Amino acid sequence: MTLKSIPIWLRAPRNSLFAILAVVLLALIAWLSPVQLPVVLYKASLIALAAVIGYWLDRALFPYARPDSYLYRDWRHGTDEPEGDVDYPVAKPEYITAFCVAQIRRAIIVGCVVIGVAAGL
């Protein structure tokens, strides 16, 4: 399969659709109510900041239980597995539960911080 045979919408980065949608919605807000645009940008930046704070809070609270610490090799060095194989396998089969719990824990912490900040808005 060549690159030219893949449609352009499948070759675009994963979040391209959502980035385009966000720009369209911001333009719509700017057109309908320009006074509200700074408020929307302020709230969106607070939510993004809350997600970053939640991530770093998880790293600070659980420094030795990071989800990527259960992987067979460091994901930052890239991958060379055959097509259709696991990109980054878990180190040992008995660590799969701990790996899943670490991922869920991080998602819960980040989600709670984001919801907490959003509730304060």
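1. Arg105 is buried, at a relative accessible area of 15% (buried means under 20%, exposed over 50%, and partly exposed in between, with a 1.4 Å probe and protein chains only). This residue lies in helix H4, residues 96-120. Its side chain and that of Asp58 are joined by a polar contact of 2.7 Å. A polar contact is a pair of N or O atoms within 3.5 Å; within protein, one must be able to donate a hydrogen and the other to accept it, and residues adjacent in sequence count only if both atoms are side-chain atoms. Leaving aside residues up to four places away in sequence, Arg105 touches Asp58, Phe62, Ala65 and Pro67; contact here means heavy atoms within 4.5 Å.

2. This is a predicted model, in which local features need pLDDT of at least 70 and side-chain atom pairs count only at pLDDT 80 or more, while totals for chains, interfaces and linings use all residues. Residues are numbered from 1 along each chain as its sequence is written, and side-chain values use heavy atoms, with hydrogens and water left out.

3. Helices (H or I, at least four residues) and strands (E, at least two) are DSSP runs, numbered from the N terminus.

4. Helix H2 (residues 16-32) packs with helix H3 (residues 37-61) at an angle of about 145°, and their axes are 9 Å apart. Leu26, Ile29 and Ala30 of H2 meet Leu37, Val40 and Leu41 of H3. These residues divide into six nonpolar, no polar and no charged. Axes are lines fitted to C-alpha atoms, for helices over the stretch in contact, and angles run from 0 to 180 degrees between N-to-C directions.

5. Ala44 is in helix H3 and is partly exposed, with 46% relative accessible area. Its C-alpha atom is separated by 9.5 Å from that of Ala118, 74 residues apart along the chain. Of the contacts in the chain with a separation of 6 or more, 57% are between residues 24 or more positions apart.

6. Of the 121 residues in the chain, 12% are buried. The accessible surface is about 9,600 Å², and carbon and sulfur atoms hold 71% of that area.

7. The count of disulfides is zero, where a disulfide is a pair of cysteine sulfur atoms within 2.5 Å. Cys100 is partly exposed, at 34% relative accessible area, and Cys112 is exposed, at 51%.

How values were computed: Accessible areas come from the Shrake-Rupley method with a 1.4 Å probe; for residues, only the protein chains shown count as cover. Ala, Val, Leu, Ile, Met, Phe, Trp, Tyr, Cys and Pro count as nonpolar, Asp, Glu, Lys and Arg as charged, and the others, Gly among them, as polar.
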